[in-house]
Amino acid sequence: MAQCRTETIKLKVEKRQVEDCLSALLHTILFYRSTCKMTCRKEGTYTFGALGMEDVECDYVNCTYVRCSSESLCASLTSQVKSFVDQLNSKADAQTAQVCLQFLEKPKSSSWFGGQPACWEEWVISFNIVNLSNERERQAYREDVGRDLAAAMQQISTTILNVSYVPDIPRTAETLDSVFDTAFEDVMPYLNKVLCSIDGENSATVGGQLSRFLRGTFKYQP
């Protein structure tokens, strides 16, 4: 198991831009950290399905991003991003927010890492919240944040395409879920969990039952 690699992205945004930016960044990361649905024919041999992509325009930022065209994955991510944004909007004076996306690998033996999944890559997305006084400033800021967001997505692409470690594909169908989420019909993202905080305080868990999100749980750590 390689040491966990950490990448950091920092953006200054209006509150209303957080949903656009967070969705764009998470979808961009997952675009590179997902694979087509695999079916094991025999040990170590797989057939691959097809997975499309689609462009999405942001509402409050002058930027377009690409995401996997998986309805179930998009619905799950959208629901959880909105829950985080609702938490942020409930804090009128919030100045910072942070989301940490961790990719995990289940140990081959229960004796490794105490049987707990180990993190092999994490992305820390930090937002500084700004308040603008008029619509003219907001329109100009759409452009500014759009450039910063595009640069961040380019950072993601460059980094992921040049990394030296991702977990090996397991050799059997029974062990695929040690590396991938096998529950989606048309896509297999790498296992992960997401941790969030607002103004340096870990947020409460959203909702009574959380949606499954990449086999890990998209949750606000208590």
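**View A. Cys36 and its closest cysteine partner.** In this predicted model, the sulfur of Cys36 sits 8.7 Å from the closest cysteine sulfur, that of Cys68, which is too far for a bond. A disulfide would need the two sulfur atoms within 2.5 Å. Cys36 itself counts as partly exposed, with a relative accessibility of 21%.

**View B. Cys68, with Cys74 as the nearest cysteine.** Cys68 isn't in a disulfide either: the nearest cysteine sulfur belongs to Cys74, 7.4 Å away. Cys68 is buried, at 4% relative accessible area.

**View C. Helix 1 against helix 2.** Helix 1 (residues 15-32) packs on helix 2 (residues 71-89) at an angle of about 145°, and the axes are 10 Å apart. The crossing of this pair is right-handed. Sorted by class, that's 10 nonpolar, three polar and three charged residues.

**View D. Helix 1 against helix 3.** Here helix 1 meets helix 3 (residues 135-161) at about 15°, with 10 Å between the axes. So helix 1 runs roughly parallel to helix 3. Their crossing is right-handed. On the helix 1 side, look for Cys21, Ala24, Leu25 and Tyr32, among others; on the helix 3 side, the contact residues include Tyr141, Val145, Leu149 and Ile156. The class breakdown for this contact is 13 nonpolar, three polar and four charged.

Methods:
Residues are numbered from 1 along each chain as its sequence is written. This is a predicted model: local features need pLDDT of at least 70, side-chain atom pairs count only at pLDDT 80 or more; totals for chains, interfaces and linings use all residues. Side-chain values use heavy atoms; hydrogens and water are left out. Axes are lines fitted to C-alpha atoms, for helices over the stretch in contact, and angles run from 0 to 180 degrees between N-to-C directions. Helices (H or I, at least four residues) and strands (E, at least two) are DSSP runs, numbered from the N terminus. A crossing is left-handed if the near helix is turned anticlockwise from the far one by less than a right angle, and right-handed if clockwise. Ala, Val, Leu, Ile, Met, Phe, Trp, Tyr, Cys and Pro count as nonpolar, Asp, Glu, Lys and Arg as charged, and the others, Gly among them, as polar. Buried means under 20% relative accessible area, exposed over 50%, partly exposed in between (1.4 Å probe, protein chains only). Angles under 35 degrees count as roughly parallel, over 145 as roughly antiparallel, 65 to 115 as roughly perpendicular and the rest as oblique. Contact means heavy atoms within 4.5 Å.
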